[in-house]
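I opened this model to take notes on a few spots. My entries follow in the order I looked things up.

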Amino acid sequence: MSSLLETKIAARQHALREQGLLRQRKVLSVDRPLNTNASTSSPRFVFEGRAYVNFSSNDYLGLSRVPELADALHLGAQTYGVGSGASPLVTGYSDAHLALERELCDLTGHEAALLFCSGFSANTALMKTLFDQQDIVVADKLVHASIIDGLQDSGAQLKRFLHNSLESAERLLARNQTSALITESVFSMDGDCAPIAQLSALCRQHHAWLVVDDAHGFAVLDGYHNAEAAKLIDVQVVTFGKALGCQGAAVLGSQALIDFLVSNAREYIYSTALSPANAALALAATQYSTAHPELQQKLLENIALFKQLCREANVPLLGSDTAIQPLIIGDALQTLQVAEELRAAGIWVGAIRPPTVPVGSARLRITLTAAHAAEDIATCVAQLAQVLSRVGVPLVTERQATDDHR
Ligand SMILES: Cc1ncc(COP(=O)(O)O)c(C=O)c1O
């Protein structure tokens, strides 16, 4: 007889499979080592013996394959060893970590920073530690799962406002004594940007903190990613695994906030620190992105080219101006089918299904990077148009995403 847990696992997996929602990993390998012909063509990988152009990574500037950054990681490991060896409050905090924290503060104008091994743990630690049952927190409907998980653990009362709606946010702020408003700079699945300046003004008016998850904006979005950021944003979470091409994250804010997290954030206190080599790498990547504004420019050109070609081919994009270009299909199984047909043409695009996005809004999440070659972008769009019409997805010029997210 099966155990209770075996029965539960089998039933849940069966249900997911039936709905086209089962998640499975794919083993990818590199199409060429970094030391050969590294940065001159579109990002590619090999799956089951075949090479694909990668239109689903968050490596927006192509930094994950920059030889100088591989050297920085190597030098960091040679200097400090390959691991931190302990949690930060024991012996895991080094001058490599401090140098990265200082650089991030210089870039954003915040007083202090705290490093985490991932954006997920930075967000959950921040939410769980900062808020408790006495707090009312308002958050955009589309904020990331790590924020929701952390808020649920915190015991705070959570109220959601309609996605990017200032009216909806203001209504909640006016009705509730709110501790903080939480949003993302660039929304991970829709690619649109929050109205940070207006939200900041609202927060000031209602004496609430503005907390911004800047995972997909940091190092790619202009505007408040400079020494002015701290004037608008009370707490900014930046991650190193997206545009910086490496790994880890930081919470940026006042010295008082960071001191409070150091003493209370369980994810920080009871976990092995980010390795100093990774801190050295993230510092080098931050400096590299600042020293190479042409990469941001190339990314913008690639986004513009992709959108223009989609317009010409009547491929129905959601209307984002960032590297994240969603194409809503709706049905999860049909979305998988489109993604699979694109793969047959050598194009790899993410198929995003519930619960990552709301039921009925399964989508392709196409991401552009500075490293994509124009001819590969053209091939991607041509294949998209062909596959969509073959599978029966209507080709229209604009579509509205539902607001009823996550
Ligand atoms: C908006 C947002 N915040 C946080 C995270 C988590 O960051 P990390 O991948 O570094 O754990 C992600 C990653 O998917 C994200 O999209």
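**Helix α6 and its end**

I started where α6 stops: Gly155, just after this helix, has a positive phi of about 85 degrees. I keep in mind that this is a predicted model.

Next I went back along the helix, residues 145-154. I listed its buried residues: Ser146, Ile147, Ile148, Gly150, Leu151 and Ser154.

**Ligand shell**

I then turned to the ligand. I noted Ser118, Gly119, Phe120, Asn123, His144 and Glu184 among the residues around it. Ser188, Asp213, Ala215, His216, Thr239 and Lys242 also belong to the surroundings of the ligand. Which element gives the largest share of this shell? I got α5, with 3 residues. By class, I sorted the shell into 2 nonpolar, 7 polar and 3 charged residues.

I looked up distances to ligand oxygen atoms next.

- A backbone N or O atom of Gly119 sits 2.7 Å from a ligand oxygen.
- For Lys242, a side-chain N or O atom is 2.9 Å from an oxygen of the ligand.
- For His144, the distance from a side-chain N or O atom to a ligand oxygen is 3.5 Å.

How much of the ligand does the protein cover? I read 80% of the 390 Å² of accessible area that the ligand has on its own.

**Ser42**

I moved on to the loop between β1 (29-30) and β2 (44-47), where Ser42 lies. Is Ser42 buried or exposed? Its relative accessible area is 0%, so I logged Ser42 as buried, the cut-off being under 20%. A polar atom of the Ser42 side chain lies 2.7 Å from the backbone nitrogen of Ala373. Leaving out residues up to four places away in sequence, I found Ser42 touching Arg32, Val53, Ala371, His372, Ala373 and Asp376.

**Whole protein**

Last, I took the overall numbers. I counted 15 helices and 14 strands. The radius of gyration is 22 Å, close to the 22 Å that the globule rule gives for 406 residues, so the protein is as compact as a globular protein of that length. Its C-alpha atoms fill a box of roughly 60 × 55 × 55 Å along the principal axes.

Buried residues account for 53% of the 406. Of contacts between residues at least 6 apart in sequence, 71% join residues at least 24 apart. The protein exposes about 18,300 Å², and carbon and sulfur atoms supply 52% of that area.

How values were computed:
Residues are numbered from 1 along each chain as its sequence is written. This is a predicted model: local features need pLDDT of at least 70, side-chain atom pairs count only at pLDDT 80 or more; totals for chains, interfaces and linings use all residues. Side-chain values use heavy atoms; hydrogens and water are left out. Buried means under 20% relative accessible area, exposed over 50%, partly exposed in between (1.4 Å probe, protein chains only). Helices (H or I, at least four residues) and strands (E, at least two) are DSSP runs, numbered from the N terminus. A residue is near a molecule or strand if one of its heavy atoms lies within 4 Å of it. A polar contact is a pair of N or O atoms within 3.5 Å; within protein, one must be able to donate a hydrogen and the other to accept it, and residues adjacent in sequence count only if both atoms are side-chain atoms. Accessible areas come from the Shrake-Rupley method with a 1.4 Å probe; for residues, only the protein chains shown count as cover. Ala, Val, Leu, Ile, Met, Phe, Trp, Tyr, Cys and Pro count as nonpolar, Asp, Glu, Lys and Arg as charged, and the others, Gly among them, as polar. Contact means heavy atoms within 4.5 Å. The radius of gyration is taken over C-alpha atoms; the globule rule is 2.2 Å times the number of residues to the power 0.38.
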